[in-house]
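Hi,

Here is the structure I promised to pass on to you. Have a look at it first, and then read my notes below.

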Amino acid sequence: MSNGTLAGKKVVIIGGTAGIGLATACAAAEQGAEVWAAGRTQAYIDTASEVSAGRFAVRQANTHDAQALEAIFQEAGRIDHLVSAALGGERTLKPFMEQTQEQFQAAYGKLWGYCNVVRTGAPYLQKDGSITLVSGSPARKIVHGQSPLSCVGASVENLVRCLAVEIAPIRVNVVSPGTVDTAMFDHFGDAKAEKLASMTSSHLIRRAGTPQEVAEGLLFVMGNRFVTGTTMDVDGGRLLS
């Protein structure tokens, strides 16, 4: 089916130099898309450049830096798909009552960054193009001590529904990953594999997902022209566990 191919399409991925974003950049390039992947951290940019091996462009940009974003969109010109998988904020994972107002508000940097990406990038989209954001299972799977993740993720998912109505016919969707084996968990060091196994032991699929598996979800909503305003869960059944 032609619906699922990105061959010949232009794709900009903000937060595309690590984890899910980088996996999406690689997968889109493999389908024949012309890809721009942007990130803010130089170490990730260097790694993405090595992984790319010239298959896609790697640039530096922060979701809160409208000028840097504008430069990428101007370079790409008219695009077909816009993805943002960037973190964009600082998260304090402890009970709400133990957080300061500033700590809780800092998590919303992700939402404000997404808003910035959409406002800057949407004018460059083809009328049959798409925007895809990334939230996370805490948006609807409530866990003690994760209120910032939950509240921000839910805000991102509702923003997507609002945008799908307001900027149609451009399609807008969100992919919600579960527990995924990314650099987010590298701070566990040698205990990473054991920690991830423990975290997913009650899930219907008893393991952490891979960035590539989540990227498949992003490519689906990008390529399927009959999907908009949708939250796609790629979570190993975490919401049901």
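Before the tour, one term you'll need: a crossover counts as right-handed if, with the strands pointing away from the viewer, the path from the first strand over the helix to the second runs clockwise. With that in hand, look at β1, helix α1 (residues 19–30) and β2, which make a right-handed β-α-β unit. The names come from DSSP runs numbered from the N terminus: helices are H or I runs of at least four residues, and strands are E runs of at least two.

Some housekeeping. This is a predicted model, where local features need pLDDT of at least 70, side-chain atom pairs count only at pLDDT 80 or more, and totals for chains, interfaces and linings use all residues. Residues are numbered from 1 along each chain as its sequence is written, and side-chain values use heavy atoms, with hydrogens and water left out.

**The sheet**

What order do the strands take in the open sheet? There are 7 of them, running β3-β2-β1-β4-β5-β6-β7 with parallel pairing (two strands pair if DSSP finds at least two bridges between them). β3 (57–60) and β7 (231–234) sit at the edges with a single partner strand each, so one side of each has no neighbour in the sheet. From one strand to the next, the twist averages 20°; angles here run from 0 to 180 degrees between N-to-C directions, and axes are lines fitted to C-alpha atoms, for helices over the stretch in contact.

Now find strand β1 (residues 10–14). It is largely enclosed by the rest of the structure, because 4 of its 5 residues are buried (buried means under 20% relative accessible area, exposed over 50%, and partly exposed in between, with a 1.4 Å probe and protein chains only). β1 is joined to β2 by 5 bridges, in parallel, and I14 stands opposite A38 in β2. β1 also pairs with strand β4 (residues 79–84), again in the parallel sense, over 4 bridges; there V12 has L82 as its bridge partner.

Over at β7, 4 bridges join it to strand β6 (residues 171–177), and the two run parallel. P177 has V234 in β7 as its bridge partner. Helix α6 (residues 147–166) packs on the sheet, where it touches β5 (125–134), β6 and β7, and its direction makes about 165° with that of β6. Contact means heavy atoms within 4.5 Å.

**Helix against helix**

The axes of α1 and helix α8 (residues 211–223) come within 8 Å and cross at roughly 60°. α1 and α8 are therefore oblique to each other: angles under 35 degrees count as roughly parallel, over 145 as roughly antiparallel, 65 to 115 as roughly perpendicular, and the rest as oblique. Among the residues that meet are I20 and A23 in α1, and V214 and L218 in α8.

Helix α3 (residues 66–76) and helix α5 (residues 109–121) pack at about 40°, with axes 10 Å apart, which makes α3 oblique to α5 as well. A66, L69, E70 and F73 of α3 make the contact with N116, V117, T120 and G121 of α5.

Which residues are joined by a cis peptide bond? They are A168 and P169, with omega about 15°, and P169 lies in the loop between α6 and β6. The other is A53, which has a positive phi of about 50° although it is not a glycine. A53 is in the loop between α2 and β3 and, at 65% relative accessibility, counts as exposed.

Cheers
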